Amino acid sequence: MPDSHLPSADSLLSIAVDALGGSERHGQISMVKAVQQAIDAEEHLAVQAGTGTGKSLAYLVPSIRHAMDTDTPVVVSTATIALQRQLVDRDLPRLAEALAKELPHEPTFAILKGRRNYLCRYKATAGWPEDDEQDQLFDPREVSATGRMVQRIQEWADETETGDRDELVPGVSEQAWRQFSVSAQECLGATRCPSGAECFAELARARAGEVDVVVTNHALLAIDAMGDLPVLPEHDLVVVDEAHELVDRVTSVVTSELSESSVALAVRRVGRLIEQPIADQLLEAGEDLKALLAAAPPGRVDELPEVLGLTLALVRDSAARCLTALGPRGGDKDDPDRAGQRKAAFTALDEVHDTAVRMLEAYGHASEADRAEVVWLEAGTDRRPPMLRVAPLNVGGMLRDKLFGDRTVVLTSATLALGGTFDGMARQWGLGDKGWQGMDVGSPFDHPRAGILYVAKHLPQPGRDGLPQAYLDEITELIEAAGGRTLGLFSSMRAAKAATEALRERLDVPLLCQGDDSTMLLVKQFAEDEKTCLFGTLSLWQGVDVPGPSLRLVIIDRVPFPRPDDPLTSARQRHVAARGGNGFMTVAATHAALLLAQGTGRLLRSQDDKGVIAVLDPRLATARYSGFLLGSLPPFWRTTDPAVPRAALKRLAAE
Ligand code: SF4
């Protein structure tokens, strides 16, 4: 650790807070100190910091200081684009300006995304093996809509200075964008690509290597840590914000899928590059897979049926023959078009081959406790065929070895200490008992005074057949008392829609339902009109930030356990149990606690906010696991008496 001559992190914080017109916050100061200590001790840190703590400043200040001290960029990773934008458009520019005079230079920062997010100049100009056939849509309206988007991207490609997809407004479909972008595996490599010198992805990466703070997302962080090639500049400190999402995002990155379309894509790409009969064998294997998947029931595939094993082996072997027929990798230096075609063929064939191998190997375990991966069949939709997917039961080992191995990691979120302890999250991250610290810096809000947590203990348990009548009556009375101003968080879209439909007839306040319009617009409408209510499901549990009188009541219909037929969580639960643990508490209750904490966190967004959280599911008051769930929530004033929240809401409505 260099002997720093820079001002201390807490003095930099107080300069920044003064310059930004804020006030000192106890939790923020504690967090700055803890982050600085973790950096000095090269020890991982998990910080739970409630809304309003000012946690981004609390980690950015010591991070910037460290970057200047070591002349090495610090990586800040987020789960959502919204937070990424907040950091890059608001927090970092203001902070950089505030600290410019105190530090050797004004802090610099850049955003870095995966290669797919940047326009590939080579593909845009020289063309590429055509992928569009795979997405041939039968609806001609969709085809022409895609055509219009393609044209718009072409026009934008001539003007853009960054090639960043997010700057293309309005956005374009994945299908249109794919014709102008490549994955990291498909990229020819800057030295071989004719457009390498002006490649947008390469320029963004070069820029990221020169700044103090690189803002990225969890997926790219995982790819960098786990892949063979580094995609982020060299760094020794990572801050993972929205860390409660890390495991899910990492799991998505390492989940693979196999379907008739992935096989057909590989066949098309390998096209005329090899002899037809060899490509035809792969095509036939793909046809077999198609027939098999169309007839099989969706869900977990715990035991490998013989016919599926044979088909996967056929896919694997015919892909391997195509790979051999393609010849050695590389070469074609003087013919970039051919190099591009071969690279694309190798990428698609590798994907098919490696996924088939991985799926077959998922069944080689001696007992349930030794199982490492789960395979499941996902039902097809009108837009895509059924597909097999394979994912690890646990990403902790990977994270421990690759992410936490040789750098300091600071993880933070408003929700990390579930049931009052960081152990559950630490276990999921693969952290053992040593080498990390957990810290809860609390919240600047006075939860017991500002919020009531009402559990409707008298209601029946939620059933499988939609919302019970008693739930609808309870929701009606609560919303009437609040005069609207309600965010309804439902455990399924079906429940949200059913409640909206039933209550629109009973209530005389405007009632919006997720899906009526873009979620962003619905939230805006909800925030702008105090009487309006908004009902919805998952993305609202975490993504709504509406301070002020438009939100006084949050209704939660049921404890948000994962669906019992969710293949990944049910397999994880069974795996924990097979190893002697409590599968329900480790997986299902932890999942529910995290979402409940996120959902209840929608109520208090600013110092003056007040209101009620109403959980209709009586299990939060009566079940044996209720202590764990309640222990994961902020310390609201609790009641099970229906009269209390109604009276409070009426008082608030009259203010
Ligand atoms: S280097 Fe890769 S991403 Fe960049 S223009 Fe060339 S092929 Fe496209």
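Biologist: Which residue in strand 9 is the bridge partner of L377?
Modeller: L388 is the bridge partner of L377. This is a predicted model, where local features need pLDDT of at least 70, side-chain atom pairs count only at pLDDT 80 or more, and totals for chains, interfaces and linings use all residues. Residues are numbered from 1 along each chain as its sequence is written, and side-chain values use heavy atoms, without hydrogens and water.

Biologist: How many bridges pair strand 8 and strand 9?
Modeller: Strand 8 (373-378) and strand 9 (387-392) are joined by 6 bridges, in the antiparallel sense. Pairing takes at least two DSSP bridges; strands are DSSP E runs of at least two residues, and helices are H or I runs of at least four, numbered from the N terminus.

Biologist: In what order do the strands of that open sheet run?
Modeller: The order is 6-9-8-7, 4 strands with antiparallel pairing. Strand 6 (256-259) and strand 7 (299-300) are at the edges with a single partner strand each, so one side of each has no neighbour in the sheet.

Biologist: New topic. Where is R605?
Modeller: R605 sits in the loop between helix 23 (583-600) and strand 17 (611-615).

Biologist: Does R605 count as buried or exposed?
Modeller: Buried, because its relative accessibility is 16%; the cut-offs are under 20% for buried and over 50% for exposed, with partly exposed in between (1.4 Å probe, protein chains only).

Biologist: And what does R605 touch?
Modeller: Leaving out residues up to four places away in sequence, R605 touches T51, F445, V544, D545, V546 and P547, where contact means heavy atoms within 4.5 Å.

Biologist: Which backbone oxygen lies 2.8 Å from a polar atom of the R605 side chain?
Modeller: That of G601.

Methods
Polar contact = N/O pair within 3.5 Å; in protein donor to acceptor, adjacent residues only side chain to side chain.
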